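Hi everyone, thanks for coming. Let's take a few minutes to walk through one protein together, and please have the picture open as I talk.

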Amino acid sequence: MNILGIDVGSTTTKLVLMENNKIVDYKIENIGVAVDEGDILKMVNEFEKKYNIDKVVATGYGRHKITFADRVVPEVIALGRGANYFFKEADGVVDIGGQDSKVIKIDKEGNVVDFILSDKCAAGTGKFLEKCIEILKIDDDINKYKSDRIAKISSMCAVFAESEIISLLSKKTPKEDILMGVYESICNRIVPMINRLGINNIVFSGGVAKNKVLAEMLEKKSNKNILIPKEPQIVCCVGAILEAMRKGF
């Protein structure tokens, strides 16, 4: 059976095709909740030209936009299942999304045991990081910006943190030092959530996981094992497919 998973996130839309528990193909588009069902159908049609699609599963922030889905799976459940697919030793997931951050505790089968959701403030989210990068005017490979110095960003509020970044720039503080401060600010949000759940082998999912410097800092500050799939943006989508298969649609 060929199953197509669609993960409509707040900033990107991901499509994954699986057959017999194996990933056949996937696509990531830089369109989030602004995407309408017509645009999603165009993406689906591209897959239909190459593969037979038997079932469609929806997940993500904008999952309810996909009215033609055979099953809808909540993100938290999908992330747990997807993390277990990529790393059997995983007992947790960290997903820094565009609008919120999630830390999830899972069992050996990928079932969700507990989770913490941080969505009260933009600080610690992918949107916060994106805004900081915009202020710093960084438009090349973000992983090139690394420093042993960390500019202090004391505010836990995204709005005030942005003001601090502008102030640091006016003082000629190097961009890489400021960026390290931004990473530290994000880690300071995530690490207490990790510690509260008591997880150790953690799958880092989502687009932010491609930021190698941030991932290294998160591993160091949490003193946990951070596991990153080759393509961390499809973890939720894969998990949604697996959960739907487990439920038998």
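Let me start with a question: in β4, which residue is the bridge partner of Asp7? The answer is Thr59. Before I go on, a word on where this comes from. This is a predicted model, where local features need pLDDT of at least 70, side-chain atom pairs count only at pLDDT 80 or more, and totals for chains, interfaces and linings use all residues. Residues are numbered from 1 along each chain as its sequence is written, and side-chain values use heavy atoms, with hydrogens and water left out.

First, the overall view. The protein has seven helices and ten strands; helices (H or I, at least four residues) and strands (E, at least two) are DSSP runs, numbered from the N terminus. Its radius of gyration is 18 Å, close to the 18 Å that the globule rule gives for 249 residues, so the protein is as compact as a globular protein of that length. That radius is taken over C-alpha atoms, and the globule rule is 2.2 Å times the number of residues to the power 0.38. Along the principal axes, the C-alpha atoms fill a box of roughly 60 × 40 × 30 Å.

How much of the protein counts as buried? Of the 249 residues, 54% do. Buried means under 20% relative accessible area, exposed over 50%, and partly exposed in between, with a 1.4 Å probe and protein chains only. Among contacts (heavy atoms within 4.5 Å) between residues at least 6 apart in sequence, 67% join residues at least 24 apart.

Now back to where we began, with strand β1. Seven of the seven residues of β1, residues 2-8, are buried, so this strand is largely enclosed by the rest of the structure. In a regular strand the side chains alternate between the two faces of the sheet. Here, Asn2, Leu4, Ile6 and Val8 point one way from β1, while Ile3, Gly5 and Asp7 point the other way.

What are the neighbours of β1? Two strands pair if DSSP finds at least two bridges between them. Seven bridges join β1 to β2, residues 13-19, and the two run antiparallel. They form a hairpin with four residues between them. Five bridges join β1 to β4, residues 55-59, and that pair runs parallel.

Let's move to another sheet. This open sheet of five strands has the order β8-β7-β6-β9-β10, with mixed pairing. Its edge strands are β8 (112-118) and β10, each pairing on one side only. The twist averages 20° from one strand to the next. Within this sheet, β6 and β9 pair in the parallel sense over four bridges, and Val94 has Phe204 as its bridge partner in β9.

Next, helix α6, residues 212-222. Its buried residues are Val213, Leu214, Ala215, Met217, Leu218 and Ser222. What covers them includes β6 (92-96), α3 (126-135), α5 (175-197), β9 (201-205) and β10 (225-227).

Finally, is Asp139 buried or exposed? At 75% relative accessibility, Asp139 counts as exposed. You will find Asp139 in the loop between α3 and α4 (158-170).

And the cysteines? The structure holds zero disulfides, a disulfide being a pair of cysteine sulfur atoms within 2.5 Å. For Cys237, the nearest cysteine sulfur is that of Cys236, 7.2 Å away. Cys237 is buried, with a relative accessible area of 0%.

Technical notes:
Axes are lines fitted to C-alpha atoms, for helices over the stretch in contact, and angles run from 0 to 180 degrees between N-to-C directions.
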